[in-house]
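Take a walk through this protein chain, one element at a time. Keep the sequence at hand and follow the numbering.

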Amino acid sequence: MAKPTTATTTAPRTKRSRTRRAGESAYGLLLVGRNLVMAAVVLLLLVAGVWTSWGTAQHSMLTKGRERGTMMVARCGEERCTGPFVPADPASPDRRKVTIDEAVTHRTGERLLVAVKPGTDDVVRTGWGGVLHAWVPLGGSFMLAALVVAGGLRMRRTAWVLGVLGSALMGASFALL
């Protein structure tokens, strides 16, 4: 009488060749390598965003000990606006002409709370609008990193979080300016 076959009966195992095992290991290493490269690209994008933003954000956020005051926008060019600066501290001298990025102003005649970059006649806007505007490059790097995380690392939920954070940062900046 023949033995009935059941689901628990398995076929005899055959040993895979060394070439096949090496090929599978190499493919696994390629996948790990790809993920490491993509993670390094994401890290590079985020560090570049922080680095770029910090150049302006430090003057906008850390105003203690810096020369602060009010700037009246007198004239705007293609990229920069100029105008006189009246310091908040009466002991500080007035400046006849300081410059600010044109993106943070709306029209001539506008008065802005600003802080002077040390050693220059450049000013940056302070307050929530100025701080958020300073971090706009980081918002852009969040959005670029989201594409790499979704496409390269296949982490879609994390990519959505990065993209939404970047969009929210940029949207809040433009809403407050």
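Predicted model: local features only at pLDDT ≥ 70, side-chain atom pairs only at ≥ 80, totals over all residues.

Residues are numbered from 1 along each chain as its sequence is written, and side-chain values use heavy atoms, with hydrogens and water left out.

Start with the strands. Helices (H or I, at least four residues) and strands (E, at least two) are DSSP runs, numbered from the N terminus. Two strands pair if DSSP finds at least two bridges between them. Strand β1 covers residues 68–72 and strand β3 covers residues 80–87. The two pair in the antiparallel sense, over three bridges. One place to look is G69, whose bridge partner in β3 is P87. G69 also has a bridge partner in β5, namely V114. Strand β5 spans residues 111–116, and five bridges join β1 to β5 in an antiparallel arrangement.

Now move to strand β2, residues 75–76. Two bridges join β2 to β3, and these strands run antiparallel. They form a hairpin with three residues between them. R75 lies in β2 and stands opposite T82 in β3. T82 in turn stands opposite T99 in β4. Five bridges join β3 to β4, again antiparallel.

Is R75 buried or exposed? Buried means under 20% relative accessible area, exposed means over 50%, and partly exposed lies in between (1.4 Å probe, protein chains only). R75 has a relative accessible area of 55%, so it counts as exposed. Its C-alpha atom is separated by 6.1 Å from that of T108, 33 residues apart along the chain.

A further hairpin is formed by β5 and β6, with six residues between them. Three bridges join these two strands, which run antiparallel. V116 stands opposite V123 in β6. In the turn, G119 has a positive phi of about 80°.

Next come the helices. H59 sits in helix α1. Its relative accessibility is 10%, so H59 counts as buried. The side chains of H59 and R66 are joined by a polar contact of 3.5 Å. A polar contact is a pair of N or O atoms within 3.5 Å; within protein, one must be able to donate a hydrogen and the other to accept it, and residues adjacent in sequence count only if both atoms are side-chain atoms.

Why is α2 described as largely enclosed by the rest of the structure? Six of its eight residues are buried. They are G129, G130, V131, L132, H133 and A134.

Turn to the aromatic rings. Rings of Phe, Tyr and Trp (its six-membered ring) pair if their centres lie within 6.5 Å; planes under 30 degrees apart count as stacked, over 60 as edge-to-face and the rest as tilted. By this rule there is one aromatic pair. The ring centres of W54 and W135 are 6.2 Å apart and their planes stand at 45°, so the pair is tilted. The pair links distant parts of the chain, 81 residues apart: W54 is in α1 (residues 18–61), and W135 is in the loop between α2 (127–134) and α3 (136–151). W54 counts as partly exposed, at 34% relative accessibility. W135, at 16%, counts as buried.

Then there is the largest pocket. Its volume is about 230 Å³. Of the 15 residues that line the largest pocket, T56, D101, K117, V124 and H133 are the closest to its centre. On a 1 Å grid over the protein atoms alone, a pocket is an open set of points where a 1.4 Å probe fits, with protein on both sides within 12 Å along at least five of seven lines; lining residues have an atom within 4 Å of a point. Grid points are joined across faces, edges and corners, and a volume is the space filled by probe spheres set on the points. At least two lining residues come from each of α1, β4 (95–101), β6 (123–125) and α2. The lining divides into six nonpolar, four polar and five charged residues. Here Ala, Val, Leu, Ile, Met, Phe, Trp, Tyr, Cys and Pro count as nonpolar, Asp, Glu, Lys and Arg as charged, and the others, Gly among them, as polar.

The last stop is R154, in the loop between α3 and α4 (156–176). Most residues other than glycine have a negative phi. R154 has a positive phi of about 60° although it is not a glycine. With a relative accessible area of 51%, R154 is exposed.
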